[in-house]
Amino acid sequence: MATFELTMPKMGESIIEATILNWNKNVGDEIEAEETVLEIATDKVDSEVPAPVDGKLLEIKFETGAVVPVGEVIAIIETESAADASTNGHSTPTQEPAKAASVDVPYVPTGGVAVAETVATAVDAKVESNRFYSPLVLNIARTEGISMAELEQVPGTGREGRVTKKDILAYLKNRSAAPAVAPKPAAAPAPKKVTPVAAAPQPTLSNPSGNVEIMEMDRMRKMIATNMVNSLQISAHVTSFVEADVTNIWQWRNKMKKQFQQQYGEKLTFTPIFIQAIARTLRELPMVNTSIDGTNILIKKDINIGIAVALPNDNLIVPVIKHADRLNLAGLSAAVNDLARRARENKLKPHELEGGTYTVSNVGTFGNVMGTPIILQPQVAILATGAIRKMPAVLETPAGDVIAIRNKMFLSHSYDHRIIDGALGGRFVKRVADILEAWDPETAI
């Protein structure tokens, strides 16, 4: 008999760890290749982990709720022969997994006044006692105002005494009855360079008054909240607005949508038309298709447009259409419809949420006429498309000006003023509007 080490898979280029949501198999269960063994969650997407080989589940290394680094052995599968395992490149005896690499991550209490000047994607934080804390545990500690000294006192039930999510949540339940923990007098490691920033206080109401129902944020909502606050702290947000007359597009779509459905098997919505105009403008004004790395500007050669999709639970996810400028309207429609459908069904793959260089959010879906969208880091701009409404407008004709009913909408362009000034930011959204207004009513599908 041989053993196969099932490791935590890498679910994308920026993913360094994942949380185990559920084990679909128990120790002793027979497993077939490609059968789901467990379900995991990252900060981008939930996913299933299939078994690469046939065999029997011999050992589970981590319990449900554990946060495990990518590459860590999470289970041992007993296979029929060494050849079975070697075929998949994992013919190894059971061995002790290597400890995950760690870097120092600065801790900022809620309402504090300092953040790191540069912070890489967080990994397990090492403190003076050599205990390791996952980003999930550190985020809970920051949210609840737990200092690093206090976190040191939380008993851990994880591997090598590691504090798990379950440990810190259990600690918080009893925290009000526990005495305050004084900081340790021992010398701490040299602090990283920090930059003062203004931070709004976030008070916690331990005993809210009145008729109040307390509902804890789910995992995705917590991540969205963290990402949005971080974006506002990182980027200098400015928003420009332009009104566009899309009457030609409105009439053309109404005329062509049935034929489009029959020809391509896809519903023709306004979103792919907007994306087509945005992609063209990004090609013309490449400084908007950028990101910032310190004092360097990274000009992206690929145009990968993210589309904000509202989920049934009202959370938000942003799948990405890669090389959007290379797709025709049929291709964009297929991509938009497919990604939106699978996003709502929780069937997106991690790579479909990465690599975006610009984002569009169709707030008009909810009847909103405009908005001030928050930039999705590390991008530097985002466009919100408002509801299309019938509006009175003044038109110039050979016989003079007339008032007519037109289909109009607002475009809201939020951009990072560190790199995009008002002239470029305003010119960009105006150019998108010009392209939409110039739509040829005789356009063939």
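1. Buried means under 20% relative accessible area with a 1.4 Å probe, protein chains only. The buried residues are Thr271, Pro272, Ile273, Phe274, Ile275, Ala277, Ile278, Ala279, Thr281 and Leu282.

2. This is a predicted model, in which local features need pLDDT of at least 70 and side-chain atom pairs count only at pLDDT 80 or more, while totals for chains, interfaces and linings use all residues. Residues are numbered from 1 along each chain as its sequence is written, and side-chain values use heavy atoms, without hydrogens and water.

3. From first to last C-alpha, α7 reaches 20 Å, close to the 20 Å expected at 1.5 Å a residue. The expected span is 1.5 Å times one less than the number of residues.

4. The axes of α7 and α8 (residues 329-344) come within 9 Å and cross at roughly 120°. Contact (heavy atoms within 4.5 Å) involves Thr271, Pro272, Ile273, Ile275 and Gln276 of α7 and Leu329, Leu332, Ser333 and Val336 of α8.

5. Helix α9 (residues 422-437) has 16 residues and should span 22 Å; its end C-alpha atoms are 22 Å apart, which agrees. Its buried residues are Leu424, Gly425, Phe428, Val429, Val432, Ala433, Ile435 and Leu436. The elements they pack against include α6 (247-264), α7 (271-284) and β23 (400-416).

Terms used: Helix = DSSP H or I, 4+ residues; strand = E, 2+ residues; numbered from the N terminus. Buried < 20%, exposed > 50% of the residue type's maximum accessible area, 1.4 Å probe, protein only. Axes fitted to C-alpha atoms, helices over the stretch in contact; angles between N-to-C directions.
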